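Let's take a friendly walk through a structure together. Keep the sequence and the 3D view at hand as you read.

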Amino acid sequence: MYTFSSKLKTFSFVLMAIGFLGIGYGFYTAPKDIKEVEEILAADSHGTHAVKKEHGSTNEANSHEVHGSTEEKHVEAKTSSQKHEVSSDDEHTEHLNHVLHQLQNKPWSALYVACIFFMLVSLGVLVFYAIQQVAQAGWSPVLFRVMQGITSYLPVGAALFFVLLILCGLHFNHMFIWLDPEVVATDKLIANKTGYLNFPFWIVRAAIFLTGWSLYQYYSRKNCLAQDEANDDLLYKKNFKLSAMFLVFFIVSESIMSWDWIMSIDPHWFSTLFGWYVFASFFVSGVTTIALVTLYLKSRGYLEFVNNSHIHDLAKFMFGLSVFWTYLWFSQFMLIWYANIPEEVTYFITRIQLYNLPFFGAVVMNFLFPLLILINTDFKRISWVIVMAGIVILMGHYLDFFNMIMPGTVGDSWSIGVSEIASILFFLGLFIYVVFTALSKSPLLAKRNPFIEESKHFHY
Amino acid sequence: MSNKVIYAIYNDDDILMDAVKKTRAAHHHIEEVFSPFPVHGLDKAMGIAPTRLAICAFLYGCVGISVATAMMNYIMIQDWPQDIGGKPSFSYIENMPAFVPIMFELTVFFAAHLMVITFYMRSKLWPFKEAENPDVRTTDDHFLMEVAVHDNEEELVSFFQNTGAVEVKVIDKH
């Protein structure tokens, strides 16, 4: 049995406390009205006003204008940036309003990105766990309890995330512009999508998905624990079927989830492989988390039967899935870049112009770094190499979610400051607390799994 | 001086593995082991150094990506930078996404083919190569261990008969 070390527990509480204060600070310092925005803009625009203006209207074009005129507006903004000095008061107020919305969105988006990221990481672990069950993998059963521990964050994260979605629906923020009836009234493209993008349908879908995943998590763990005390393999077979059904449900719900919670932030834009892309991102993060938690528990002497070969296998998955993520990232980017159709390409123009470093930095962190580090077989057996690669991969995929969500909600007003870091710390603390509490509640080795003996003696 | 070797023939890979370990423990130098299929862990038991083919492949891949980059940079950007369907040919980086599929394929192509050729050269394999099979049964269901003899013929023969060999032969190699 694992006992939650008091140091780690204190650490998680400290993270949560700091995070909570930081989140509160983020909301407190967000501007309340246009006047404050004017002051902020005046403060940081010494001589860069024209540039600021250009960015402002470029971004406005991306999020609020009717689709057809997006490119026009963009070009116009670029060529006539000098003329902007004599812009009318109306335009100025509109601009301030726009920046106000962005700045008000900032603490919300920071919270949203961190919340969805940690929830999806535990979902990624759940999917990996289900695949291991269905594939009857002979190496991984010694890690099942670790995976169950990590996935126990899912119901908690899902509940918090659902609350966040409801707050969006209650107009506490402007993250999803299609939730704003005024925008829908003037935006034909969004109006055409209201059959799908309307609050009741959207929130019901979210409820179904989050409950479905959490139910699988709950029953799978329950059956696995009961299997320890059983005399036959009935519960194992039950879990096998349950996992197979979950995977079918998951792949459908995952796809829809990615449209609902991430793609609809940019409701003018669509991409067909988006679901897979999101999946690859949190799946590799999930496997990385398994590796990190396993290495931690192993270093504390709790996982007797986990050897180098298990770690090596996890590292291979980290490596392979990182490449898989890159493949999808590039496929999505290259197809849109190559055809350069205005209605699709604005998505990447925003990201390349305003989010240049995070956008390409994510590729370096999620592809180049793991590619060069984890390609070596010997390195895949060295703990500190995996921990280092794992931390870079996790930060890279946080950045990936940041890139998916922020440009549509805060535009060029982004930064990685107090709100963002505090949100990460809060959810990290919560994640550590929930996961390690769950780990301390059941033995770390499944007793009567049919593949457990093979798994104990696994070597590669 | 005659160059005598012992052929110890086995019909089971488990017995072979035990024999290899015993031979190594007795400090007899194993010249070669012939087997109809890969025996897991045989290289470790024989104490053979790990292969460096993977390192070769990585370096060949680096060559491949360099060739692809240099080629396309010269052709598409330096030599004749045409406007083809509005693609930006001003610098390599601007048009790079279009080159990535070729960069990828050439990396894989160079890594795979040059590594295979390296393998052939290092293991001396080619189409009209004369087979070096000491006993035809070793390609079907028998395993053969070859050990050099230095004036200790009788001792070696009895040693190998004790390791479970189905047949122990002393052969005069030229």
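**A sheet, its helices and a meeting of chains**

In chain B, strand β1 (residues 3-10) is joined to β4(B) by seven bridges, and the two strands run antiparallel. To find a spot along this pairing, look for B:Val5, which stands opposite B:Ile171 in β4(B). Bear in mind as you explore that this is a predicted model.

Now widen the view to the sheet around that pair. It is an open sheet of four strands in chain B, in the order β2-β3-β1-β4, and the pairing is antiparallel. Which strands sit at the edges? They are β2 (30-34) and β4 (167-173) of chain B, each of which pairs on one side only. From one strand to the next, the twist averages 20°.

Helices pack on this sheet too. Helix α1 (residues 13-25) of chain B touches β1, β2 and β3 (143-148) of chain B, and its direction makes about 15° with that of β3(B). Helix α5 (residues 153-161) of chain B also packs on the sheet, touching β1, β3 and β4 of chain B. The direction of this helix α5 makes about 10° with that of β1(B).

Next, turn to the place where the two chains meet. How many residues does each chain bring to the contact? Chain A gives eight residues and chain B gives ten residues. Between them the chains bury about 660 Å², with 82% of it on carbon and sulfur atoms. On the side of chain A, A:Phe330, A:Trp337 and A:Tyr338 supply 63% of the area that this chain buries against chain B, more than any other three residues.

Where do the touching residues of chain A come from? The largest share, five residues, belongs to helix α13 (residues 308-339) of chain A. Sorted by class, the side of chain A that touches chain B has seven nonpolar, one polar and no charged residues. Across the interface of chain A and chain B there are zero salt bridges, and one residue pair is in polar contact.

Notes. Residues numbered from 1 in each chain as written. Chains lettered and ligands numbered in written order. Predicted model: local features only at pLDDT ≥ 70, side-chain atom pairs only at ≥ 80, totals over all residues. Heavy atoms only, no water. Contact = heavy atoms within 4.5 Å. Buried area = accessible area lost by both parts, 1.4 Å probe. Salt bridge = Lys/Arg side-chain N within 4 Å of Asp/Glu carboxyl O. Polar contact = N/O pair within 3.5 Å; in protein donor to acceptor, adjacent residues only side chain to side chain. Nonpolar A, V, L, I, M, F, W, Y, C, P; charged D, E, K, R; others polar. Pairing = 2+ DSSP bridges. Axes fitted to C-alpha atoms, helices over the stretch in contact; angles between N-to-C directions.
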